[in-house]
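Please look over the sequence and the structure first, and then read the notes by topic.

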Amino acid sequence: MKIQGQMFIWLSVFILGMAVVYGVWSKEPVGTTALFLAFGLAIMIGFYLAFTASRVDAMAQDNKEADVADEAGELGFFSPHSWQPLSLAVGGAFAFLGVVFGWWLLYFSAPLLLIGLFGWVFEYYRGENRTQ
């Protein structure tokens with residue numbers, strides 16, 4: 001994590017430099033603001049990774065003498081099947097179409113979004129996957 005934190009911090013320094021150069025050279029406020037916001041996002045991620053790396057054990061990627069096999073093993077649990085992202089995608093599509101065609105479409109998208117959200121959060125609290 002330490003390496004990723006340093007990479008994001010250096011990326012944020014580069015984006016800040018580009019934002020200043022772009023702002024002075026083009027005098028265009030929208031692009032300059034977007035670059036400064038990108039700088040803020042990169043520095044937040046870099047600070048979080050650097051802060052977290054100081055509180056957790058060193059990982060194999062932080063050791064220059066580590067082998068590939070040192071980080072082998074299970075990385076986590078990933079759901080093999082889930083219909084909830086489909087419900088969220090359809091609900092989100094209807095919500096964005098509601099901005100285009102009329103706000104009345106949000107009445108149809110809100111239940112789909114809520115069903116997808118609650119289903120995804122509580123997916124492993126009931127049913128056949130309760131024990132996982």
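In this predicted model, the axes of helix α1 (residues 2–26) and helix α2 (residues 29–53) come within 8 Å and cross at roughly 160 degrees, where axes are lines fitted to C-alpha atoms, for helices over the stretch in contact, and angles run from 0 to 180 degrees between N-to-C directions. That angle makes α1 roughly antiparallel to α2, since angles under 35 degrees count as roughly parallel, over 145 as roughly antiparallel, 65 to 115 as roughly perpendicular and the rest as oblique.

Basis of the model
- Residues are numbered from 1 along each chain as its sequence is written, and side-chain values use heavy atoms, with hydrogens and water left out.
- Because the model is predicted, local features need pLDDT of at least 70 and side-chain atom pairs count only at pLDDT 80 or more, whereas totals for chains, interfaces and linings use all residues.

Helices and their packing
- The chain has 4 helices and 0 strands, these being DSSP runs (H or I, at least four residues, for helices; E, at least two, for strands) numbered from the N terminus.
- α1 passes α2 in a left-handed crossing, meaning that the near helix is turned anticlockwise from the far one by less than a right angle, while clockwise would be right-handed.
- By class, the contact of α1 with α2 has 20 nonpolar, 7 polar and 1 charged residues (Ala, Val, Leu, Ile, Met, Phe, Trp, Tyr, Cys and Pro count as nonpolar, Asp, Glu, Lys and Arg as charged, and the others, Gly among them, as polar).
- For helix α3 (residues 84–101) and helix α4 (residues 106–121), the axes come within 8 Å and cross at roughly 155 degrees.
- This crossing angle makes α3 roughly antiparallel to α4, and α3 passes α4 in a left-handed crossing.

Domains
- The domain assignment gives domain 1 (1–60) and domain 2 (83–122), with bounds that come from an automatic or database assignment.
- The centres of domain 1 and domain 2, taken over C-alpha atoms, are separated by 33 Å.

Annotated spans
- An unreviewed UniProt entry places the feature "transmembrane region" at residues 7–25, 31–51 and 110–127.
- Residues 7–25 are 100% helix and 0% strand, with end C-alpha atoms 27 Å apart.

Notes: UniProt positions are given in the numbering used here, feature names are shortened, and annotations may be inferred rather than shown by experiment.
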